[in-house]
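Please read this briefing alongside the sequence and the 3D view.

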Amino acid sequence: MNEIFNNRNKLKTIYLFTYAAAGALGPLLGQYLSGLGFSGTRIGTITALGTAMAALGSTCWGKVFSNAKDGRKVILALSLLAALLAVLNSLVSGFLIFATIYAVLFFFQGPICGMNDAVVLREGEEYASIRLWGAIGYSISVFISGRIGEHFGLQNIFYIYALSYLVGGLLIMTVHLNKTNNHVKDPVDDEKIHYGHLLKEKKAVQLLICGAFVLGSTLSHNTYFGFLYRDGGGSLAGIGTIFLFMAGSEAVVMPFVPWLSRKIGQERLLLVAILLSTLRFGWYATGPSHYLLLATFFSQGIVNGLILVEYVKYTSRAVNPRLIGIAMSAYYAICTNGGVIVANFFGGVAMEHFGSTGVYALYATMNALAAVMYIVFGLHKPIEGER
């Protein structure tokens, strides 16, 4: 019985529910906002604004978490606030009010995934084996949310989101932390952690810059893929089905990522993943039918399964161990939020003027630029003198 309720299984369950929230909201939010009558530019503005606040929240709350005696309480508080605001968002339909609540929601929600990652990395757990449960939760949630949205209304995605964060937040308080890992202060120095320390880590900074292009397009894709799928002849319910397969394939790939990383090298493996992402989005820009999109669902598993696991691990390796907490906050602020701000906003503009294929032409270009930067920065080479 103790084995069932050990830390690893608790963390897996937390990731299951936390990413279930993302699965409920991300892929279907664009469809919900479109149903409210919002234009592509307004959809892009809302998602970009929310992501901007998530970046700000990651920066602000990341420092609080890194210097807190018990970071679990910070995660719990943010989860409860995110759940409450999601319910409020479902009750409004005006552009300005919706955008305001959505922005505040993401100020609290934005840092949570980075904090969970920091807990896993500090506790020495195998990140891939934990993160794959996030992919499972995401895929199941987007499928269920799509079905519920079609039959009972898309406003229900906010209630699924709220319930998921409520459960995840409560579960984090049951995780028993290693006391030596729970404090991120240097053992010989009482100086508090701040972002100035991170700026001295050259390779980490380069990874964050490059990651803004890679992760920005990868995550924004969840917002606009539904439009590409429907333009190709697919249905609203079909969006949930294909995301079930696409996100589910990530969970299939992730267990093999540590083995591939040892065989190929983490640095080179990420370069391969970025190049594959470029080709994938470039093909999407040709406007394939929904049948072809469904037939190639596993391409997401290969690309995201590699990038979402190895980029976090590479970034954590590139910094002093005591900076892992703030490095993860910066990763989510700059890569998965800052990059998404640009990709979501300009993706919305591209969709309005060039259609869904224009969005993916933009995303293919972003990934191509990321691949060039990755090589120019020398990120494909092993870390010298790794700690």
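In which helix does C60 lie? C60 lies in helix 2, where helices (H or I, at least four residues) are DSSP runs numbered from the N terminus. This is a predicted model, in which local features need pLDDT of at least 70 and side-chain atom pairs count only at pLDDT 80 or more, while totals for chains, interfaces and linings use all residues. Residues are numbered from 1 along each chain as its sequence is written, and side-chain values use heavy atoms, with hydrogens and water left out.

- Although C60 and F107 are 47 residues apart in sequence, their C-alpha atoms are 9.2 Å apart in space.
- S58 is also found in helix 2, which covers residues 40-67, and S58 is buried, since its relative accessible area is 1%.
- Leaving aside residues up to four places away in sequence, S58 touches G110, P111, Y195, S329, Y332, A333 and N337, where contact means heavy atoms within 4.5 Å.

**Helix 3 with helix 5**

- The axes of helix 3 (residues 71-89) and helix 5 (residues 112-122) come within 10 Å and cross at roughly 155 degrees; axes are lines fitted to C-alpha atoms, for helices over the stretch in contact, and angles run from 0 to 180 degrees between N-to-C directions.
- Helix 3 is therefore roughly antiparallel to helix 5, a term for angles over 145 degrees.
- In this pair, V74, I75, L78 and S79 of helix 3 meet I112, M115, N116 and V119 of helix 5.

**Helix 12 with helix 15**

- Helix 12 (residues 257-264) packs against helix 15 (residues 298-317) at an angle of about 75 degrees, and their axes are 10 Å apart.
- That angle makes helix 12 roughly perpendicular to helix 15, the term used for 65 to 115 degrees.
- From helix 12, V257, L260 and S261 meet G305, L306, V309 and E310 in helix 15.

**The core**

- The largest nonpolar core has 118 residues, and F98, F225 and Y374 are those with the most contacts inside it; such a core is a set of buried Ala, Val, Leu, Ile, Met, Phe, Trp, Tyr and Cys residues joined through side-chain atoms within 4.5 Å.
- Not counting residues up to four places away in sequence, Y374 touches residues including L207, C210, Q266, Y314 and H380.

Conventions
Helices (H or I, at least four residues) and strands (E, at least two) are DSSP runs, numbered from the N terminus. Angles under 35 degrees count as roughly parallel, over 145 as roughly antiparallel, 65 to 115 as roughly perpendicular and the rest as oblique. Buried means under 20% relative accessible area, exposed over 50%, partly exposed in between (1.4 Å probe, protein chains only).
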